[in-house]
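I opened my notebook to record, entry by entry, what I looked up in this structure.

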Amino acid sequence: QKKNPYKPGSGNPQSNRCMAPKNKGPRKPSFVFCNFNKFLKNNPATVRSWIRILREVPNSMLCLLENPNAGVPYFRKFIHEAAGSRPRGKEGNEDNFIHGDGDDLNDRIHFLPWNNNPFEHQMRNMDFCNVMLDSYPYNGHTTAQDSLYAGVPIITRSDGDDMSSRVTTSANTVLGLEELNAVDGIRQYEDIAIKLGNNSEEFRRIRSKLIGTALQRNPMHPYWDVPRYVKNFESGLRKVWETYLNGEEPQHITVEETEEAQRGTYDDVLQNNPPESKGRSSDREEL
């Protein structure tokens, strides 16, 4: 079956349908959940949670990335197995396996091909996703920032102890979107997703709140304020360098913002310090 045509920066999650064949999945999805991380970032419990979310949000779809393509058949096989069951006390063989709704679920799960162009891939967040379901136990890092930058909220588990499992928790906290952090674990993670998938008013409120942070000016919102981040990062580096020069042992660094950094970045700062253009003729001559 021929898949829906798609050009970067066009359509919306409902019309693009994760580029699914027309005979697969709902013709007009009610909601499209996404995850663009490598499969290995997700444990089995996380994928099982996506099954419950799909079941509880009628006509929803899950859009994933072929990362890697060789893993897609195994992912679909796992969906079948996780959706089915085996009679109690019976050995796990094919004859005893009771099929559940694996076929329906797999019809609602689709995979985008890998795109080597990072800018086109970033646009796919906006074009294909209503909400991003974060990976666990290893969160999205760059993929999470791509999602947020595209105005796509991320639901994440906040009960992990490792840094890699709390990246999105930190992002949502700074953005004022703590309601997307499932501090109580996987069941709450599922409940948040189900609520947003079934409540369009609540989804629009969350999405508008996220987009509002990116549009905030004078000063910029702290999450998007790169000049402010750079000032604080430089302060940390100076402390590290001073520790070394003083012959002290390595130690934890606490960065305390200066008054200038706390002020945030205003339009006049950006206008008076435009980024240097790339590829100028004078630069080429110097090389």
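Is the crossing of α2 and α3 left-handed or right-handed? I looked this up and noted that α2 and α3 cross in a right-handed way. I remind myself here that the model is a predicted one, so I word each entry with that in mind.

**Entry on the two helices.** I looked up where the helices run, and found that α2 covers residues 44–56 while α3 covers residues 72–83, the two packing at an angle of about 70 degrees with their axes 10 Å apart. Since angles of 65 to 115 degrees count as roughly perpendicular, I wrote down that α2 is roughly perpendicular to α3. I then asked myself which residues in α2 meet α3. On the α2 side I listed Pro44, Val47, Arg48, Trp50, Ile51 and Arg55, and on the α3 side their partners are Phe75, Phe78, Ile79, Ala82 and Ala83.

**Entry on the aromatic rings.** I looked up the aromatic pairs, of which the structure holds 10.

**Entry on Ser164.** Where is Ser164 found? I placed Ser164 in the loop that lies between β5 (154–157) and α7 (167–175). Its relative accessible area is 16%, so I recorded Ser164 as buried, the limit for that word being under 20%. Leaving aside residues up to four places away in sequence, I noted that Ser164 touches Pro137, Tyr138, Asn139 and His141.

**Entry on Glu120.** Why does Glu120 count as partly exposed? Its relative accessibility is 30%, and partly exposed is the word for values between the 20% limit for buried and the 50% limit for exposed. I then looked up Lys7, which lies 113 residues from Glu120 along the chain, and wrote down that the C-alpha atoms of Glu120 and Lys7 are separated by 9.2 Å. Again leaving aside residues up to four places away in sequence, I recorded that Glu120 touches Pro8 and Asn115.

Methods
Residues are numbered from 1 along each chain as its sequence is written. This is a predicted model: local features need pLDDT of at least 70, side-chain atom pairs count only at pLDDT 80 or more; totals for chains, interfaces and linings use all residues. Side-chain values use heavy atoms; hydrogens and water are left out. Rings of Phe, Tyr and Trp (its six-membered ring) pair if their centres lie within 6.5 Å; planes under 30 degrees apart count as stacked, over 60 as edge-to-face and the rest as tilted. Axes are lines fitted to C-alpha atoms, for helices over the stretch in contact, and angles run from 0 to 180 degrees between N-to-C directions. Helices (H or I, at least four residues) and strands (E, at least two) are DSSP runs, numbered from the N terminus. Angles under 35 degrees count as roughly parallel, over 145 as roughly antiparallel, 65 to 115 as roughly perpendicular and the rest as oblique. A crossing is left-handed if the near helix is turned anticlockwise from the far one by less than a right angle, and right-handed if clockwise. Contact means heavy atoms within 4.5 Å. Buried means under 20% relative accessible area, exposed over 50%, partly exposed in between (1.4 Å probe, protein chains only).
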